[in-house]
Amino acid sequence: MTISRRQFLSSLAATFAASGLGITDLGTLYAATGTSTGKGYTDAHCHLVDFLQQTQGIKALLHQADLAGVDHIQIMGLPVIKKWNAANRRRPRYYLENTDRCYYYTLTDTIVARQVQSLSEQDQSRVHPFICGFNPTDKNGVHHIERMLEWFPGMWQGIGELLLHRSELSMLTEGEQARANHPSLFPVYELAGRENLPVQIHSDAGSKGLQEPIYLYEMEEAVASFPKVRFIWCHAGYNRQLVIPSIVDDLTRLVESYDNLWIDLSWGVFEEWVCPEKQMSEAWKTLLTGHPQRFFIGSDKIGNFDQYGAAIRKYDLLFSQLPPLVAGQIARTNFLDLINLSTEARG
Ligand SMILES: [Zn+2]
């Protein structure tokens, strides 16, 4: 029997109702029925394509997800493509490979939608596609989102990953600097509030060498100004070589001040900030156990899924050091709760 995504989500909601537990108690259900590190992970951050908009395909992704014990995956394209300048004989593979610029590439969402449509209904219920293919400094962006919602009804479950402050990628991307409090994003946030779509943002908390969260206020202004929008801050504001000694205090203040903010622990934030030297930082442990419903994990793979298992099971190290209930929430249920709320609200 195959079931649609909506049927799956309503059956999940029915399970909650029958259990008499609040929706945020799903972690309890999983903790009671599974191990803290076993099957059933939820990958809350995965790009179906690379910076050339190429992919091994969604079926390859799901195959690797099965091997890694991942049930649910958030998927998206990448909002930019790396230009292949004619001066280069070889096609680039990564945005950092040379100084050629990147530009916004809206077809990325259609690539994702076509890949999703190639799946059986049952497999479609495992993937949670987000819209990202627009220039976040252009007020036309909201119209792209409206078009995607119209063209692929019932497909989309969020907006993102928006690439805003992003170190070298910002320097290599054509046009003005994107930022979370840019007026061009206000109509996007208004739409997200209306449609109850979470918005996932990559915005570095600061800049290399300064050791201060100089861009944090941009993210905070967006979160504070649009309380109906559920924001996901990717990588907790981390980027390569970014050192911000106050970051745990900053994040603690934010999650305690705003109940519409979630934090994604994908990419290098895990190795460099949360578990440096494969040892969990005590400050991070206090933050995660104090606010266990506000964090996700993610593979952050881009188009190639050969190393998918390693990218998602690296978090076993984290879960082995957290109470099982907290591990279950971060590993599996927090992201599903967020998606379930979106779908329920849209009916
Ligand atoms: Zn990403």
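A residue is called buried if 20 or more other C-beta atoms lie within 10 Å of its own, exposed if 12 or fewer, and partly exposed in between, with C-beta atoms placed from the backbone. By this criterion Glu-277 counts as exposed, because it has 7 C-beta neighbours inside 10 Å.

The structure is a predicted model, in which local features need pLDDT of at least 70, side-chain atom pairs count only at pLDDT 80 or more, and totals for chains, interfaces and linings use all residues. Residues are numbered from 1 along each chain as its sequence is written. The mean pLDDT (the predictor's confidence in each residue, from 0 to 100) is 88 for the protein, and 87% of its residues reach 70 or more. Over residues 1-38, pLDDT stays under 50. Where pLDDT is low, the predicted coordinates should not be read in detail.

Helices (H or I, at least four residues) and strands (E, at least two) are DSSP runs, numbered from the N terminus. Strand E6 covers residues 158-163, and six of its six residues are buried. Two strands pair if DSSP finds at least two bridges between them. E6 runs parallel to strand E5 (residues 127-131), to which two bridges join it. The bridge partner of Ile-131 in E6 is Ile-159. From E5 the chain passes through helix H6 (residues 141-151) to E6 in a right-handed β-α-β crossover; right-handed means that, with the strands pointing away from the viewer, the path from the first strand over the helix to the second runs clockwise. Three bridges join E6 to the parallel strand E7 (residues 199-202), where Ile-201 stands opposite Leu-162.

**Core**

A nonpolar core is a set of buried Ala, Val, Leu, Ile, Met, Phe, Trp, Tyr and Cys residues joined through C-beta atoms within 7 Å. The largest has 95 residues, and Ile-201, Phe-231, Trp-233 and Leu-265 have the most contacts inside it. Helix H15 (residues 324-346) gives the most to this core, with eight residues.

**Backbone geometry**

Most residues other than glycine have a negative phi, and most peptide bonds are trans. The peptide bond from Gly-160 to Glu-161 is cis, with omega near 0°, and Glu-161 lies in strand E6.

Technical notes. Contact = placed C-beta atoms within 7 Å.
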